[in-house]
Amino acid sequence: MQTSEQEAEDSAAQPPVPVFVARGLSKVYGSGDSQVTALKNVDLDIRQGEFIVLLGPSGSGKSTLLNILGGLDAPTSGSAKWRDHQLTGAGDAELTTYRREHVGFVFQFYNLIPSLSVEENVRLVAQIASDPMDPKEALELVGLSHRARHFPSQLSGGEQQRVAVARAIVKRPDILLCDEPTGALDVDTGRLVLAAIAKVNAQLGTTTIVITHNSAIAGMADRVLRLSGGRIVKEEPNPNRVSAEDVQW
Amino acid sequence: MVNVLDIKVVRDLWSMRLQLLSIAMLVAAGVAVFVMSVSNYRSLIGAMESHYRNERFADLFAGTTRAPLVIADRLREIDGIGIVEPRVAKPVRIIREDTNLPISGRIISLPADGQPLLNRLHLVQGRWPDPLHPEEVIINAAYAEARAVRMGEPIEVVLNGRLQDFRVVGSALSPEFVFATRSAVPLPDDRNFVVLWAGEDAVASAFDMKGAFNDVAMTIAPGSSVRHVLDELDRLLAPYGGTGAYDRGDQPSHRFLEDELAEQETLSIFMPSVFFGIAAFLLNVVIGRMVEAQRGQIASLKALGFANGTIALHYFKLVTAIALLGSAVGLVLGCWFAVGVVGSYRAFFRFPSLDARFEPWLLVAATLVSVVAANLAAATSVYRIAVLPPAEAMRPATPPALQTFAWLQTIGSRVIPLQYIIAARTTLGRPIRTVLSTIGIALAIPLILFGLYWFDAIDYMIDVSFSRVERGDAFLTFTEPVSTDTLHELKALPGVLNAELQRVVPVRLRVGYRTYRTSAIGLDPGSELRVPRDKALQPISIPADGIMLSRQIASQLDLHVGDTVSIDVLEGARAVRELIVRRISDDILGSSVTMDRSALNHVMREGPVANVAALRIDPAQSELVWSRIKSMPRIEGSSVKALWLSLFNDTIGGMVLIGALILAGFGMLIAIGVVYNSARIALQERAWELAGLRIIGLTRREVSAVIVSELVAELVVAIPLGLLIGRYLIELIASARASQSFQIPAVIDPSSYVIASLLVIAAAFASFIMVRRRIDTLDLVAVLKTRD
């Protein structure tokens, strides 16, 4: 009989099947003289539950890659697949369903609905999800239960971003995509947001991809992908993940 | 070098082209209606004035039975009188092979040496009669056209009971017959009424009037008292059977023309002003919101160091460009429509020249109003933003006081899908904006109603006048009073279903210094073919003694039930009586005095006679009836209701139809403009929020629901509000004319409310489709890159 340790070793020896598979992804904006190549022939595999950090300067193609993986943008060529969902060549309705059922987004500028309260912003997503958690639970996870009845304009930036995280996770997404989630925040507030994201990744097993300029955040990742000029120039596995509290910048 | 801000003006104009086009359309509609209507009215007035001036339309008129020509010299001695032109004018009857309908007419003598001094003829076709050929006549152009009379064609005229052959050598227009109409017929009937002008010798000998006259046209010296001159005329002509002197106000063609012009004035001045005013208000709302939506840009320009004045100038250019574009389109459309509409008046208003007139002040004023309205709106919005510190203005406008709607959290949002909560909070949280855009949509409805109202008013007038009051199918007038024998004779005709006699005599009402010339109609008790009615359209019985007055006359003479009025009969023994007003009737077309026929006979000191017969005719046998009537003696003329109605539809109906369609069309354009702009600006302001909803997985339909439900909420309030405002404005327009002799009733058919509402809903639906297309093409990625 195999022991549980052996089982674990076996699975480590045979890496799980990747959930995201991208091959030869390219994205070109504009045409003629004004043509800009945002992504060049990118190959990528991401496994279930992985915490990925995308690092790179402005214009390196991070957001384009994230948007394609999130079903917000279509590549000019190449293919991208999440499990059995073909993300390339899918129509608007399919992509909407994909986002609705599987993807949670967190953006640099929060993108909360100003006319809905904190709890309603979270519930808005719960309303359209098939197996959501209680909005209160999601708020608890980001430490904001006491602000449930406030409106976004009454919250600080960090609080608004944590609401955005709560909104992203309430549907129990398979994928959490964060584009510069701390970009508009100070260090202490940023840590709170990162802690919330890490907690979701750890507790719910959500595959998480975070874009950042800030290389310090890379310490939290399982794997760091460095982009430059539209290509993945370096892939760094990180065996020693640090917690959000220990991130320094 | 080109100013960079000016480049922004051009780029902004281009990038917002669809929205700006809809605003320009709104301006264009307002300007076009204004220019078209005012120029129609001015054209008619202008044509009338120049016709009257060129053809020397007389100021005063008088009739007698027979006065020797020397009396004319005595008239010339009256203090304040100018030119005096005696003539012979008599009713005649025309015989035509191709119709059984009696054609009535009037023959007027022409001086031997050609043109009369007053009421000169404007020759349209042919030539002047040769004095050596007394059989040559000129006829009125309207009849010539209606009956396609060729020059040189013979015309058989019954003069004084004798048939006489004349030959038509010319057709002409006369200021006396801009509307060629007999008294007691409210509409010109060009096919069945003719005016003949013949040499005075021919006319005088036919009527035994050598060296005498029975009609006189005069001018009055400027500054003289009309009342005094008329009194003197009456005094001097009384011994010769004077039928009362009168001024232009009582001249049938002029009175009809004046009423028409008064109606046109309402249609041309008041309504377009309201229309244009509403368009200017909507322009204000729409432009205000458009500038508000550029809040971030204004703040950035300020932050970069641009002075408020420079920024204001920038928006001035932007907005002026839109207003000028709209005005230009409006001016072209307005002028184009005016030419068309004025052209359609020609069949109705017989003037030598009737061309659309465009006065420069009108074009300048219309343009100026739209430019000023647009800039006022822009300036207010720019100012509101410019007074804020740039840092504050760069942030989005403070969200509304949402706490006020906290109840929606506890009750509503558990039950109602959250996209509707977003819509509800946005709508309720910005009450001023919501109210303004609701009023904006609401005001589009009266604009459509204005158009539809004319159809309703005309339908109502036709229904009341021709189905409920005048219930006969045809009317016969007799050359002299007839007795009940004639009634029996008429009733006995196969095809005549009913017949009634009426006694119609010209009268003059006097109350103090005020007078009013009209006809007194004597009806038998229980008359079925003419049924006077009250406001509620209930029949009013004819008083056995005293008189019943049309409301128009009562209000003009300030008479009430129980008052006494003096009546001068202008025929026969010229009786003068004091009679009591017993009832007031609500006639819509025409205004008359109604009496019991035997009471009127008594006033006339005559037996039970009549001079008009009203008939109900079996439509299947009408030709037979008319062929019998044609051979009856003593018939002077006839009028057939069906002919009036088709004439009415061809002329007034056609004119109103064009005007109403233009109004309704523009009203709808404005409705689309307002609703579309409302939606478009909402989209522009909230693209970020809506894209956010799309990203987190709401479908296009769910996201559209946010904006669409906001618009639907506004529509739900705006439509009833708009209908109420429309009703109120129409009542206001109708009451503005209440003192005039011809009143347009404030009648709006329920179907008009429905149509106006449906048109606005259709406009909204078109806007929804445009909104949906915008939402479908929202660039989610681009939206994410900006803060707002």
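Predicted model: local features only at pLDDT ≥ 70, side-chain atom pairs only at ≥ 80, totals over all residues.

Visitor: How far apart are the N and O atoms where the side chains of B:Arg87 and B:Asp215 meet?
Guide: Side chains of opposite charge can pair when their charged atoms come close. The pair here joins distant parts of the chain, with B:Arg87 in strand β2 (residues 81-87) and B:Asp215 in strand β10 (residues 212-220), 128 residues apart. Their side chains meet in a salt bridge, and the distance from N to O is 2.9 Å.

Visitor: What share of the residues in chain B is buried?
Guide: Chain B has 22 helices and 20 strands, and its C-alpha trace spans about 100 × 60 × 50 Å along the principal axes. Among contacts between residues at least 6 apart in sequence, 81% join residues at least 24 apart. Of the 788 residues in chain B, the buried share is 56%.

Visitor: Is B:Asp776 buried or partly exposed?
Guide: B:Asp776 forms a salt bridge with B:Arg700, and their closest N and O atoms are 3.5 Å apart. This pair also links distant parts of the chain: B:Arg700 lies in helix α20 (residues 700-736) and B:Asp776 in helix α21 (residues 750-776), 76 residues apart. B:Arg700 has a relative accessible area of 23%, so it counts as partly exposed. For B:Asp776 the relative accessible area is 26%, which makes this residue partly exposed.

Visitor: Which residue of chain A belongs to the network with B:Arg700 and B:Asp776?
Guide: Salt bridges that share partners build this network. Its members in chain B are B:Arg694, B:Arg700, B:Arg772 and B:Asp776. The member from chain A is A:Asp92.

Visitor: How much area do chain A and chain B bury between them?
Guide: The size of an interface is often given as the accessible area lost when the parts come together. The contact takes 31 residues from chain A and 33 residues from chain B. Carbon and sulfur atoms hold 57% of the buried area, and the total is about 3,000 Å².

Visitor: Which element gives the most to the side of chain A that touches chain B?
Guide: Across the interface the rule finds 4 salt bridges, and one salt bridge joins A:Glu120 to B:Arg425, with the closest N and O atoms 2.8 Å apart. In chain A, α3 (92-102) and α4 (118-128) each supply at least two residues of the side that touches chain B. With 7 residues, the element that gives the most is α4(A).

Visitor: About how many helical turns separate A:Arg191 and A:Asp188?
Guide: A:Arg191 and A:Asp188 form a salt bridge, their closest N and O atoms being 3.2 Å apart. A:Arg191 is buried at 19% relative accessible area, whereas A:Asp188 is exposed at 54%. Because the two residues are 3 apart in helix α7 (residues 187-204) of chain A, the separation is about one helical turn.

Visitor: How many disulfides are there over all chains?
Guide: A disulfide is a covalent bond between the sulfur atoms of two cysteines. A:Cys178 is buried, at 0% relative accessibility, and B:Cys335 is buried at 19%. By the rule used here, the count of disulfides over all chains is 0.

How values were computed: Residues numbered from 1 in each chain as written. Chains lettered and ligands numbered in written order. Heavy atoms only, no water. Contact = heavy atoms within 4.5 Å. Buried area = accessible area lost by both parts, 1.4 Å probe. Helix = DSSP H or I, 4+ residues; strand = E, 2+ residues; numbered from the N terminus. Disulfide = S-S within 2.5 Å. Buried < 20%, exposed > 50% of the residue type's maximum accessible area, 1.4 Å probe, protein only.
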